[in-house]
Amino acid sequence: MRRLRAWFSRLSALLGKEARERELSAEMDSHLQLHIEDNLRAGMTLAQARREAIMKLGGVEQAKENYRERRGLPFLETLFQDLRYGLRMLAKNPGFTATAVLTLALGIGVNTAIFSIVNAVILRPLPYKDSSRMVTFNVKTAMFPAFNLQPTWPAFQAIRTQASSVEQAVASWETDRTLTGTGQPAVLDVAGVSDSFFESLGAHPAFGRLLADQDQNSSQDHVAVLSAALWRSRFASSPSAIGKKLILDNQVYTVVGVAAEGFAYPVRAEVWVPIPLSSEIAQNPTFFSVNVLAKLRKGASLESLQAELAVISQQLEQELEKQKPNLKGGYKLTAETLLDSRVQDSRKGYLVLWAAATLVLLIACANLTSLLLARGLARHREMAMRAALGASPRRLRRQVLVESCSLAMLGGWAGVSVAAAGIQVFRAVAPPDTARLNEVSMDWTLLWFALGCSLLSGLLAGLAPARRAARLSPNELFKQGTGAGGANPSRFGSALVAIEVALAFILLTGSTLMTQTLANLLYQNPGFRTDHLLTFDLPQPPNWNEKEADTRAESQIARLQQIIADVGRLPGVEDLAASNLGVLNGIYFSHAGIKLEGVPAEKAEISEGIVSRYLSPGYFRMLGVPLRRGREFEGSDTRPANRVAIVNEAMAQKYWGTLDVVGKRISISTDAKGNPEWNEIVGVSANVRDLNIQEEPRPEYFLALFQWGVFSHHLVVRTRTNPDALTDTISRQIWASFPDQPLTHVMTMTRTIADTVGDQRMHAALLAVFAFLGLSVALLGVYGVVSYSVARRTQEIGVRMALGAVRGDVLRMILQQGLTLVSLGAGIGTVGAFGATRVLASELYGVTPTDPRSFLAVIILMLIIGCIACWFPARRAMQVDPLVALRYE
Amino acid sequence: MGDKAADKKDVWQGTLALMVLKTLQAMGPQHGYGIARRIEQTSGDLLAVNYGTLYPALLKLEQEGYISSEWGVSDNNRKAKYYKLTRAGRKQLNKEEREWEQTTAILARFLAPGEESS
């Protein structure tokens, strides 16, 4: 306590210095006076009295200095001195300061930005109450070994009742349902939920009421709750929405309430409806699509839950075997935290990004170190003088560290704006479904991190220069001349810059390769004409009832044919066709039990999945895909006539070994007796990359859309002008005849292709940013080193010019020095890049990791920019006036 | 200046502080010079006190709240800064006195010729 009081007193003594000094002087004077008087009384002369008094005091100044040390906090006071001096020095050298601050701003800024992103996505807990205790569940079963599944409804019940580690659990099942009856038909994300869903989540309604337990049991009046966003967009937030009827997939629901703004579980749900326990879904033990969210009891651990789940898994497996004995396979129910389930996949990617950003920061620090070292040489006389005047090595070291930290803090301050810009860039280029993207923003942690980062960088960068300063002895003062030239240039500093250049080279090479990959992907010809194409889905209502399948198929086909005719008549439409599923979205259907006629026996029955599509007549013509043999589907290919098929080149070659397969047959179904139903092949189409751009075309077969009932329809329209402009017209035309037909996923083909390369685009963009930063920083380093070398060699240059060197010679000399540095760095960088780009190998397309053209381009770029970086100092060197230079001693 | 010297300085400063407190208790309020003079006398002139070290010690005691200071006038009409003991100082003095007595008593048993053969 007493010590604390003392500390406070010393701290406050830093203020009001003058008054205290006066008081100290007064007290010393008074002491001496009293002592002198006593001495006089003892008989000494005035002179003796004075001398004795001063000697007993131990010297006035010494006594005062001891007092001062006790009074204030000497450490702080000298620190302030150093700080003031350091800032003055920085102000005197604006060029140096600006270079250093800029470098650090880039390094610290980008690091802060990445940290902010990593913090928001991976480190911070989710923004739900008690989110650290929330878990979700996964199922792995031998029935579908390739998939990560979710629990079934019976599994959910078991978890809820038997897992004692779990306090509460809710289940939801999200699906798309067609909304008709109010306004434009649309497809809504509907979540079917368990009882006590809203209660367990602690949700409150924004209007009306939320689902209650009694809603689970009623069999006639289905009720629904809207999301706040849906209420706004479809009902204009009007209270009259309550009581309105929604028709979802031909079933009537009455709206009873609206969820609170910001309530988003499941994340994209727009409507919540209850799932009664009696419904099929709730009874089905193989419906592995239920999303279960549970909260752990306080004190229960994830491990205890996993143990309980193991027991439940066994139980469920036994029950499953009883009910469906032909479905065998291990059943494994596991839990993971909600945070993990959301971000696990992206964790690695972000951490790699952070590593790259740290690399850029290290480059910046290296830059600062080399700049400080270079400048240190110019100031070594000043430092030696200070050492001679009594500064301890610790003090000298501290001076340098204070300067480097001040620079770093200035850089950090500027870096905050860089960080803000960086976060904006990230939000712009990240694919929209990036986990927790909406939580990435600027907040106070940014500033704290920038502060910490700056301090660390300053200390790190200042280490080597500080050590060198501390080793200076006063003998340096007596050494003649500051620079007999580059006899011992700051080798360490130059080496650092060379390494910086190498690192920047690696980043630049990687970026070039990624950008090329992106370009290659975007310009890859998928095998069909991609211009002026507008595509959209026409979702069909799901058919759970097998008996009605045929009649529904007929009405579906009639509707589609009508739509095609109607839309085809529109003036902006050049051509159109239909299929069951769009291209380039990575999804495909395949049938089981495909049989081929006319192939060697071992290939006749196919077990692997082959891509299949259902096409309307004229599809290939419209897309500009040539036919190698035979014909397209025609209008005459309708049910119940002979069913026909088309195969692509790849399929023909792979299974029949020839393109002449017209007339052969393929079967994808069996009749009631189990005999194969055959479809005759009428044509062979050219290969098309219709799953994704990167893959080689696979074997595919096509069936006639008008001969089958399918789950969805997809329209592809070739427009005469801008495809986007036609969206409204087409929609209205379709709704004129079929007001309850929703249109979804309206896209142009160019946008679809751009989306498929979303990941590559983000990587290329980010890598380009880092490469640019790294390059800037490294070249600033080159500029700095060459600059200071010129400054120190002023005398030498003067001598040379006096001895007859021309401006050109001087220019060559300086450029040589700078370019040697850059070349050395490029050389090291080339070797490093050879190894480093292998990391990217899996992401590349159309270029090899050691693509010689890219490497050459980067080398040339670095040399050119290196020249530019050297040009300014070189110009200064050329302008040296020999007379002035020689005058400097 | 090695560690040993620093230790000695600390011990010396601690002892000096105690002497100052005791002096102020005995003499009442006194100025710096007077305290220094008195300490010399009390120690029987065995201690050659460097008066310059007294003032930092006085400052420390003041910072810790054991003494307080105020400007006054001496007998010869000289302005001087007088120091006096605070209540906390009194308590601290008593405490340290007791501790010293204890220490010396224990040491005495060790250092005095005792029953155990040595």
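This is a predicted model: local features need pLDDT of at least 70, side-chain atom pairs count only at pLDDT 80 or more; totals for chains, interfaces and linings use all residues.
Biologist: How do you know how α7(A) and α11(A) are placed relative to each other?

Modeller: The axes of α7 (residues 153-162) and α11 (residues 302-323) of chain A come within 10 Å, and the crossing angle is roughly 135 degrees. Antiparallel would need an angle over 145, and perpendicular one of 65 to 115, so α7(A) is oblique to α11(A). This crossing is right-handed.

Biologist: Which residues bring α7(A) and α11(A) together?

Modeller: From α7(A) come A:Pro154, A:Ala155, A:Ala158, A:Ile159 and A:Gln162, and they meet A:Glu308, A:Ile312, A:Gln315 and A:Leu316 of α11(A). By class this contact has six nonpolar residues, two polar and one charged.

Biologist: Why is A:Ala791 called partly exposed?

Modeller: A:Ala791 has 18 other C-beta atoms within 10 Å. Buried takes 20 or more and exposed 12 or fewer, so A:Ala791 is partly exposed. The residue lies in helix α23 (residues 758-792) of chain A. A:Ala877 is 86 residues away from A:Ala791 in sequence, yet their C-alpha atoms are 8.1 Å apart.

Biologist: What sets the phi of A:Ser237 apart?

Modeller: Phi of A:Ser237 is near 50 degrees, a positive value in a residue other than glycine. Most residues other than glycine have a negative phi. A:Ser237 sits in the loop between α9 (228-235) and β6 of chain A.

Biologist: Why does A:Ser237 count as partly exposed?

Modeller: It has 13 other C-beta atoms within 10 Å; exposed would require 12 or fewer, so A:Ser237 is partly exposed.

Biologist: What makes β2(A) and β6(A) a pair?

Modeller: Strands pair when there are at least two bridges between them. β2 (residues 166-180) and β6(A) have two, in the antiparallel sense, and A:Thr180 has A:Ile247 of β6(A) as its bridge partner. β6(A) is also joined by four bridges to β7 (residues 251-259) of chain A, running antiparallel, with A:Leu248 opposite A:Gln251 in β7(A). The hairpin of β6(A) and β7(A) has two residues between its strands, and A:Asp249 there takes a positive phi near 50 degrees.

Biologist: Which residues of β6(A) form the covered face and which the uncovered one?

Modeller: In β6 (residues 245-248), A:Leu246 and A:Leu248 form the covered face, and A:Lys245 and A:Ile247 the uncovered one. In a regular strand the side chains alternate between the two faces of the sheet.

Biologist: Turning to chain B, why are β1(B) and β2(B) said to stand at the edges?

Modeller: The open sheet of chain B has three strands in the order β1-β3-β2, with antiparallel pairing. β1 (30-31) and β2 (67-73) each have a single partner strand, so one side of each has no neighbour in the sheet. β2(B) and β3(B) pair over seven bridges, and B:Ser68 has B:Lys84 of β3(B) as its bridge partner.

Biologist: How many residues of each chain are in contact across the two chains?

Modeller: 19 residues of chain B are in contact with 22 of chain A. On the chain B side, the elements giving two or more residues are α2 (32-42), α3 (51-64) and β3 (79-85). α3(B) gives the most, nine residues. By class, that side has six nonpolar, eight polar and five charged residues.

Key:
Residues are numbered from 1 along each chain as its sequence is written. Chains are lettered from A and ligands numbered from 1 in the order in which they are written. Axes are lines fitted to C-alpha atoms, for helices over the stretch in contact, and angles run from 0 to 180 degrees between N-to-C directions. Angles under 35 degrees count as roughly parallel, over 145 as roughly antiparallel, 65 to 115 as roughly perpendicular and the rest as oblique. A crossing is left-handed if the near helix is turned anticlockwise from the far one by less than a right angle, and right-handed if clockwise. Two residues are in contact if their C-beta atoms, placed from the backbone, lie within 7 Å. Ala, Val, Leu, Ile, Met, Phe, Trp, Tyr, Cys and Pro count as nonpolar, Asp, Glu, Lys and Arg as charged, and the others, Gly among them, as polar.
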